[in-house]
Amino acid sequence: MNSLVRRSAQQLSLWRTYCVKHNAPEAASSGRNAGRPNYEEFIGRHQRQAQCSIVVQVSSEKSYAELYNYCSSFGSIMGAHHYCVRQDETLHYILLEYATSDEAAAAIGAGVTNGELSGVPVRSPFLWFRAAGGGRRGPKLVANTAPALLSLDGTRQVDQGHLLGLLRGAADIEEQVQQLHEHTRLNELGIRMRFLAALQVQQAIAGMFPAAQAQPFGSSVNGFGRMGCDLDLILRFDSDMGAKSPLEAAVPSRLVYHTKENLSNGRSQTQRHMECFGDMLHLFLPGVCHVRRILQARVPIIKYHHEHLDLEVDLSMSNLTGFYMSELLYMFGEMDPRVRPLTFTIRRWAQTCGLTNPSPGRWISNFSLTCLVMFFLQQLRQPILPTIAALAKAAESGDSRVTEDGINCTFTRNVDRLAFRSRNQSSLSELLLQFFEFYSQFDFHNRAISLNEGKPLSKPDHSAMYIVNPLEQLLNVSKNVSLEECERLRIEVRNAAWVLESEVENASVPEGDGQELSWGLLNLFKHPEKAVIRPNMFFKPRMVEVSDLFEQKEAGATSSTPPTPAITYKSASMRQQVQSIKAATRSELKQLRGSGSSVPASSPKNRRSSR
Ligand code: GTP
Ligand code: MG
């Protein structure tokens, strides 16, 4: 820690540069985020954008000018983004945004069904730009007025080698953290695509459920998402997700819809509805594939892959607390410009040392890890974040939100109302080191972490790790974490503190051939291979290992690898589920490995067909 004291003057100047760079002088001095959209405004803006947008599959980005001219006949195109979906072959798409939703609807309405396929004709914002004349001879549009594409290959994830090069070439750890955040966070196009996926579900059921809303939440919208993150989606039949308008609160209409009464209890009814929606998504929605129903979980979900958006989706229909929790995290991220880069770095570190894993299990989830970071920032002597109790205390009547199962999610949506002002001027490298030091000494054995109070509490049970669920305070967010995993976390934070301490001690960047050397964060991120395959030695054997689910040829096994024993499935549906899990796991592995993946792609070639 001495080195940190020595560097305090330097930190102050770094912090000032930092605030200027991030255009948030207010945030730096007062903890406010004045002038920036709040969560509901952010969500609302993206929902409107999605309603004005269509996605068109093209043969390559070269088709853009012709597509632009063709689609301009339906309205004014405000912007166009190109992206690729890389599977067996590279597929090209262009997302066009019109000035109004009516114009987008006109473009969708002008579409025709693909006569070559026998599928059910479904209207959706996902289209295909076929050759001029639809196979018959017709005029080919030549364009010369199309404005430049706003993105080209806009969802391509930064190449691992390039990222490491950037980190090596950074001036200091501070800049490494910033670079990592800049180059790996979910970009604007990624957010737009996620809102389009939500809108597709919402529109698909709008006829029968005009008030239904499919709302993204989680890392896709809370500002902690990285490129390629999954989409968490909640589907609600009512529109009861935000503040009540004064009109709604006024005298209700005397005309009441006839409604079918639920015959079973809430949970089994939800499961039944989800089964039904799962079938609908699977059978009718273009792009939706590998649908899996996980209905016995605490929050039942339907998982699917969207092949036109290259996106994994988790759809739930109950539990709005996840949605409000995302709002809390969004607010925390907005309150101070250090919060997101710090969290990104810690999430990346946890991934590279194998502490987190995309699939759920006995290890800490990204969400729990994010809670650890938020708590750390709350409990500092000079806190950077306020407690949730303070946010709840500052709530006004318009902030009242209570979920259908009575969970109170009321807290102020206007941080300006808080008396909280952070005077903490620590740099990102200091905070990172302090984070590791804090958790190397944290008494996980006896203490629980409470973001509501911003201080440790006595642990109410014997869970290895206890993080009080901020919105359902009787629950433990990290209940799943095993003793071994908690212990591993403690070992890894100690190692990280040790590595970082020596990095800060030798604060100067290596001279000369420093580009070749590993320093700073690179020394923290030393084991990327662990992120892909978890070491089995830490776990008791599972009933079926994930590796068992891959046939030898799929796993790229060499001839020296012993053959995997064939698995006999008792039921065809189990077999089908396993196939789906295999496909999804492949896609997750591919995401983890980046574009240089050696994992074979699984989806069928023809993306144009509605599967
Ligand atoms: P990645 O998907 O790993 O990028 O992170 P994520 O933040 O999206 O996590 P995840 O998909 O597991 O969960 C989605 C969101 O649900 C989280 O961001 C939280 O807002 C919310 N959530 C997840 N678990 C809990 C929980 O135990 N309690 C509450 N209140 N919310 C939760
Ligand atoms: Mg998520």
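A polar contact is a pair of N or O atoms within 3.5 Å; within protein, one atom must be able to donate a hydrogen and the other to accept it, and residues adjacent in sequence count only if both atoms are side-chain atoms. The model shown is predicted, so local features need pLDDT of at least 70 and side-chain atom pairs count only at pLDDT 80 or more, whereas totals for chains, interfaces and linings use all residues. Residues are numbered from 1 along each chain as its sequence is written, chains are lettered from A and ligands numbered from 1 in the order in which they are written, and side-chain values use heavy atoms, with hydrogens and water left out.

**View 1. Polar contacts of ligand 1.** An oxygen atom of ligand 1 lies 3.0 Å from a backbone N or O atom of Gly322. The side chain of Ser326 places an N or O atom 3.1 Å from an oxygen atom of the ligand. For Asn366, a polar side-chain atom is 2.9 Å from an oxygen atom of ligand 1. The protein buries 79% of the 610 Å² that ligand 1 exposes when taken alone (accessible areas come from the Shrake-Rupley method with a 1.4 Å probe; for residues, only the protein chains shown count as cover).

**View 2. The shell around ligand 1.** The ligand is surrounded by 15 residues, each with a heavy atom within 4 Å of it. Ser219, Asp230, Asp232, Asn366 and Asn469 are the closest. Four residues of the shell are nonpolar, eight polar and three charged (Ala, Val, Leu, Ile, Met, Phe, Trp, Tyr, Cys and Pro count as nonpolar, Asp, Glu, Lys and Arg as charged, and the others, Gly among them, as polar). Helix α12 gives the most to this shell, with four residues (helices are DSSP runs of H or I with at least four residues, numbered from the N terminus).

**View 3. Ser440 in helix α16.** Ser440 belongs to helix α16, which covers residues 428–441. Its relative accessible area of 12% makes Ser440 buried (under 20%; exposed is over 50%, and partly exposed lies in between, with a 1.4 Å probe and protein chains only). A polar atom of the Ser440 side chain lies 2.5 Å from the backbone oxygen of Phe436, and one lies 3.2 Å from the backbone oxygen of Glu437. Neighbours within four places in sequence aside, Ser440 is in contact with Val493, Arg494 and Ala497 (heavy atoms within 4.5 Å).

View 4. Cys229 is buried at 6% relative accessibility, and Cys371 is buried at 0%. The whole structure contains zero disulfides (pairs of cysteine sulfur atoms within 2.5 Å).

Terms used: Helix = DSSP H or I, 4+ residues; strand = E, 2+ residues; numbered from the N terminus.
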